[in-house]
Amino acid sequence: LVQAFQPQCVLVDLNLPGLDGAQVTRQLREQVGSALVIIAVTAISLPSEHDRLEAAGVDFILVKPVDGDVLRRFLPPLAHAL
């Protein structure tokens, strides 16, 4: 679906059913490379988890609850819709 849709950015949650956000990120990096901006959205603020996400290829980490103004800074093309 990612190859067909070709998004510029995706938001991934760390605690997904089946695959976690780090695993999804690794798969996305294998499929589409570094052109895709990946933002992890998580309630976990442990440095070890952030290190794991960064090692998987996450570009940015936002800790829940995510403020709309913060999200707008990461998604300028979508800012008008938020």
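Why does a radius of gyration of 13 Å agree with a compact globule of 82 residues? A compact globule with 82 residues would have a radius of gyration near 12 Å, so the 13 Å of the protein agrees; the radius is taken over C-alpha atoms, and the globule rule is 2.2 Å times the number of residues to the power 0.38. Along the principal axes, the C-alpha atoms fill a box of roughly 30 × 30 × 20 Å.

The model is predicted, with local features needing pLDDT of at least 70 and side-chain atom pairs counting only at pLDDT 80 or more, while totals for chains, interfaces and linings use all residues. Residues are numbered from 1 along each chain as its sequence is written, and side-chain values use heavy atoms, leaving out hydrogens and water.

Now to the fold. The protein has 4 helices and 3 strands, running α-β-α-β-α-β-α from the N terminus on. Helices (H or I, at least four residues) and strands (E, at least two) are DSSP runs, numbered from the N terminus.

Strand 1 (residues 9–13) pairs with strand 2 (residues 37–42) in the parallel sense over 5 bridges; pairing requires that DSSP finds at least two bridges between two strands. In this pair, Val-12 stands opposite Ala-40 of strand 2. Val-12 also lies on the covered face of strand 1 together with Val-10, whereas Cys-9, Leu-11 and Asp-13 form the uncovered face.

Across the whole protein, 47% of the contacts with a separation of 6 or more join residues 24 or more positions apart, a contact being heavy atoms within 4.5 Å.

Notes:
Buried means under 20% relative accessible area, exposed over 50%, partly exposed in between (1.4 Å probe, protein chains only).
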